[in-house]
Amino acid sequence: MTRSPLSRTALIRSGVSALALSLAATPVALAQDETASSTVETIIVTTTRREENIQDIANSVTASSGAELAPFTEGGADILSLAARVPSLYAESSNGRVAPRFYIRGLGNTDFDLAASQPVSVIMDGVVMENVILKSFPLFDIAQAEVARGPQGTLFGRNTTAGTISFTSNRPTEELDGYAQIAVGTLGTINAEAAFGGAILDDVLFGRLSLMTQNREDWIDNGFTGEDNAMGSHREWATRAQLLFTPTENLDALFNIHGRSLRGTSAVFRANIVGPGHNDLNGNFDRDTVWFDSAFNNPQAYDSWGSSATVNYYMDGLTLTSITAVETAEGYSLGDIDGGNLVTGPGFIPFPSETQDGIDELDQFTQEIRLASADDQPTTWQVGAYYFDSQFNITTVGPNGGFPPSTTVRHKNQPWSVFAQASHQLTDRLEVSGGVRFTNDEKFMTGIVTNFPVQPVSVEDEQVSWDLSAYYDLDDRQAVFARIARGFRGPSIQARDVAFFNPPSVADSETSISYEIGYKSEPFDGRARFNATAFYYQVDDLQLSAVGGAGNLVQLVNADRGVGYGIEIDSEFVVTDNLFVTAGFSWNETELQDNLLEVGVCAQCTVLDPDADNDGFHEVDGNPFPQAPDMILSFTARYSIPAGENGEWFAYTDWFYQGHTNLFLYESEEFYSDGNFEGGLRLGYAGTSEAGRDYEAALFVRNITDEENLVGGIDFNNNTGFVNEPRIIGLSFRSTLN
């Protein structure tokens with residue numbers, strides 16, 4: 001197939017009316033501007049475990065370079081900054097900078113437990129980060145990020161019913177390479193990164209060392225204790241060392257060692273900040289102040305490290321790949337769950353609550369082996385096997401050893417799978433692909449320290465996942481595709497309630513079937529890119545977490561069915577040689593379908609769902625999935641003005657708009673968000689020094705309008721919520737080292 005160059009899609013896009021303007025007006029500008037000569041760049045992705053042009057893949061995929069990600073973390077943000085920056089992608093967390101929860105096409109999991117499973121798999125340098133703590137590893141020295149929507153069960157396995165998010169680090173190279181970057185901003189924000197690499201032994205050994213530190217000072221006062229600047233900080237360090245060994249033309253081995261240390265404040269919960277009867281932030285909300293009756297001020301501390309070896313052996317027309325990896329982690333987060341105190345509130349708080357959850361002795365081992373044919377054949381194929389072994393302890397404890405009493409449980413997970421995938425070029429224009437995977441998944445939970453007898457729990461399932469697709473070239477710059485895929489999420493065990501004298505709960509495996517059709521194009525002689533996908537999926541035995549409400553429980557449940565459908569649009573335009581614009585849009589409709597499923601509801605909010613049998617539990621049949629935005633609009637634009645022979649002044653802006661998002665399984669007047677938006681701006685100068693080093697200096701603003709957006713809530717005994725990051729203004733400087 002002949003494809004023209006394609007640009008690297010920005011993971012971060014934004015804006016409301018800007019989307020319509022760019023889609024409608026930009027083609028006119030492109031058609032009229034005969035001076036524009038630049039074309040969009042080619043994006044090479046590895047969604048199929050091969051290096052392929054993103055335009056040649058029969059799947060809805062968005063990719064971004066590390067340079068495109070950098071503006072979103074320079075102000076102190078973490079991996080959650082990806083939320084609503086990509087069509088159909090959302091993310092949130094009630095655990096601060098750890099345990100992010102991702103959602104693709106509305107499908108995710110709101111479970112806050114440290115053993116929670118997610119239907120979005122996060123993959124870093126080819127290694128699955130299964131535990132929610134591992135998913136939060138900082139983003140630095142990134143080469144590319146890829147978001148693949150829909151079930152990815154053939155090549156990436158279980159727990160990918162929603163899709164995958166894959167990050168690839170910059171690898172060692174033969175040439176001297178690296179960079180240094182520092183950003184300083186308000187609230188004592190400092191973000192510094194550096195990387196250095198090159199040849200150690202000519203043609204044989206290459207290395208790269210990457211480092212980052214990200215810091216913010218305490219800035220939130222505790223009005224109850226009278227302590228100024230009591231919380232809100234984070235101090236994070238991370239490093240990655242890589243060695244690439246190429247002893248022969250037939251063998252290469254990449255060794256990766258990485259680590260991370262985090263100290264700071266967990267999520268900041270705020271009592272009674274919405275309602276009654278509405279979801280607007282009320283007079284109880286003060287971004288700079290909380291009223292915790294705890295002197296601990298929601299601390300958080302985590303450490304992790306890991307290593308991997310990716311070995312490729314090249315035979316005659318075949319490649320044998322082995323990826324071996326280990327990951328470890330430990331740490332804790334403490335939270336004032338009620339978000340206030342009994343004396344001054346704010347608002348009515350029936351009783352206080354503070355709990356600490358921690359994970360220790362987390363050990364994850366993974367081994368993958370693949371044998372693949374050459375890429376330049378009419379028929380390509382790959383077969384492989386995968387093994388996973390994870391075990392860790394989770395401890396829940398109340399303040400000063402009080403209620404809830406200290407409880408420790410141990411989780412183990414041991415799945416394995418075998419898979420095969422093939423593609424065949426039927427004609428010059430038509431390619432068909434298919435794959436199948438068999439997985440056996442086992443999980444175990446035992447009580448280590450409990451306050452009542454807890455019997456060991458084990459679950460096991462065997463499932464087949466598969467996909468079929470067809471890709472047809474209309475011409476050199478247009479193609480259409482169709483894809484059907486089946487995925488599954490393994491059975492789950494939730495033991496958070498053991499600390500509160502309740503037995504653990506279990507959820508059966510969920511299975512999904514997804515249908516999508518898409519259109520990919522590079523119009524205007526390659527100076528634009530426009531991709532669109534329509535999809536429909538059905539999830540049977542949908543795994544959900546019923547949190548809070550009557551009985552204040554955390555229980556796993558299965559809904560009979562969940563359905564979702566919608567559209568996604570990715571686009572970018574080289575309007576002129578000096579103006580580059582991206583725009584994205586997604587519309588997702590989701591619905592729970594189970595006329596018997598009931599859940600407990602909040603004590604102080606206005607519930608919209610019926611309680612037909614008057615048992616205190618409300619029916620959720622017909623409700624949208626929790627934390628599933630029905631709309632995401634995104635927009636970025638970069639305009640440059642040449643300055644001299646080797647420089648330019650530039651202005652860059654990014655915006656996003658998030659539509660209606662229900663926070664819980666039930667619907668209420670208080671616990672949802674609608675119309676959240678944020679924007680960013682960078683103004684600066686970029687050039688090349690006489691020594692040949694590229695550099696950039698910029699003024700940046702994150703959350704430029706200082707929006708105060710409700711992003712999550714806690715279903716407890718009062719209307720507790722938490723909000724987005726504040727506005728950060730700063731300066732940044734970056735220079736390459738070669």
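These are my notebook entries on what I looked up in this structure, which is a predicted model.

**Entry 1: salt bridges**

I began with charged pairs. The count comes to 29 salt bridges. I then took three of them one by one.

Arg105 pairs with Glu568, and their closest N and O atoms are 2.7 Å apart. I checked where each partner sits. Arg105 is in the loop between strand E5 (101-104) and strand E6 (120-124). Glu568 is in strand E31 (residues 553-576). The pair links distant parts of the chain, 463 residues apart. Are Arg105 and Glu568 buried or exposed? Both Arg105 and Glu568 are buried.

I also asked which residues are linked with Arg105 and Glu568 in a network of salt bridges. Besides these two, the network holds Arg149, Arg483, Glu516 and Asp570.

Next I looked at Glu522. Glu522 forms a salt bridge with Arg477, and here the closest N and O atoms are 3.7 Å apart. Glu522 lies in the loop between strand E29 (510-521) and helix H3 (523-526), and Arg477 in the loop between strand E25 (457-475) and strand E26 (478-489), so this pair ties together parts 45 residues apart in sequence. I compared their cover. Glu522 has 0% relative accessibility and counts as buried. Arg477 is partly exposed, with a relative accessible area of 28%.

Arg561 is in strand E31 and Asp540 is in strand E30 (residues 528-548). The two are 21 residues apart, and they too link distant parts of the chain.

**Entry 2: the largest cavity**

Rolling a probe the size of a water molecule over the atoms shows where empty space is left. The count comes to 14 cavities of 30 Å³ or more. The largest cavity has about 960 Å³ of space.

The lining of the largest cavity has 41 residues. Which of them lie nearest its centre? I found Asp78, Leu80, Val723, Asn724 and Glu725 there.

I sorted the lining by class. It has 16 nonpolar, 15 polar and 10 charged residues. Then I sorted by element. Strand E4 (89-92), strand E36 (647-658), strand E39 (676-688) and strand E42 (719-723) each supply at least two residues. The largest share, three residues, comes from E4.

**Entry 3: a nonpolar patch on the surface**

I turned to the outside. A nonpolar patch on the surface is formed by Ile182, Val184, Ile190, Leu683, Leu699, Ile729, Leu731 and Phe733. Together they have about 660 Å² of accessible area. Strand E10 (177-185) and strand E43 (728-736) are the elements that give two or more residues to the patch. Which of them gives the largest share? E43 does, with three residues.

Phe733 is in strand E43. Phe733 has 42% relative accessibility, so it counts as partly exposed.

**Entry 4: a covered helix**

I checked helix H2 (residues 66-73). Helix H2 is mostly covered, with six of its eight residues buried. Those are Gly66, Glu68, Leu69, Pro71, Phe72 and Thr73.

**Entry 5: the backbone in loops**

I looked for cis peptide bonds. One joins Gly275 and Pro276, with omega about 0 degrees. Pro276 is in the loop between strand E16 (251-265) and strand E17 (289-290). Another joins Gly345 and Pro346, with omega about 5 degrees. Pro346 lies in the loop between strand E19 (318-336) and strand E20 (354-373).

I also looked at phi. In Asn159 phi is near 60 degrees, a positive value in a residue other than glycine. Asn159 lies in the loop between strand E8 (142-149) and strand E9 (163-169). Asn159 counts as buried, at 2% relative accessibility.

Asn297 likewise has phi near 60 degrees. Asn297 is found in the loop between E17 and strand E18 (299-315). Is Asn297 buried or exposed? At 6% relative accessibility, Asn297 counts as buried.

Methods:
Residues are numbered from 1 along each chain as its sequence is written. This is a predicted model: local features need pLDDT of at least 70, side-chain atom pairs count only at pLDDT 80 or more; totals for chains, interfaces and linings use all residues. Side-chain values use heavy atoms; hydrogens and water are left out. Patches are made of residues with over 30% relative accessible area and no salt bridge: like charges are joined within 9 Å, nonpolar side chains (Val, Leu, Ile, Met, Phe, Trp, Tyr) within 5 Å. Accessible areas come from the Shrake-Rupley method with a 1.4 Å probe; for residues, only the protein chains shown count as cover. A salt bridge is a side-chain nitrogen of Lys or Arg within 4 Å of a carboxyl oxygen of Asp or Glu. Helices (H or I, at least four residues) and strands (E, at least two) are DSSP runs, numbered from the N terminus. Buried means under 20% relative accessible area, exposed over 50%, partly exposed in between (1.4 Å probe, protein chains only). On a 1 Å grid over the protein atoms alone, a cavity is a set of points where a 1.4 Å probe fits but cannot get out, and a pocket is an open set with protein on both sides within 12 Å along at least five of seven lines; lining residues have an atom within 4 Å of a point. Grid points are joined across faces, edges and corners, and a volume is the space filled by probe spheres set on the points. Ala, Val, Leu, Ile, Met, Phe, Trp, Tyr, Cys and Pro count as nonpolar, Asp, Glu, Lys and Arg as charged, and the others, Gly among them, as polar.
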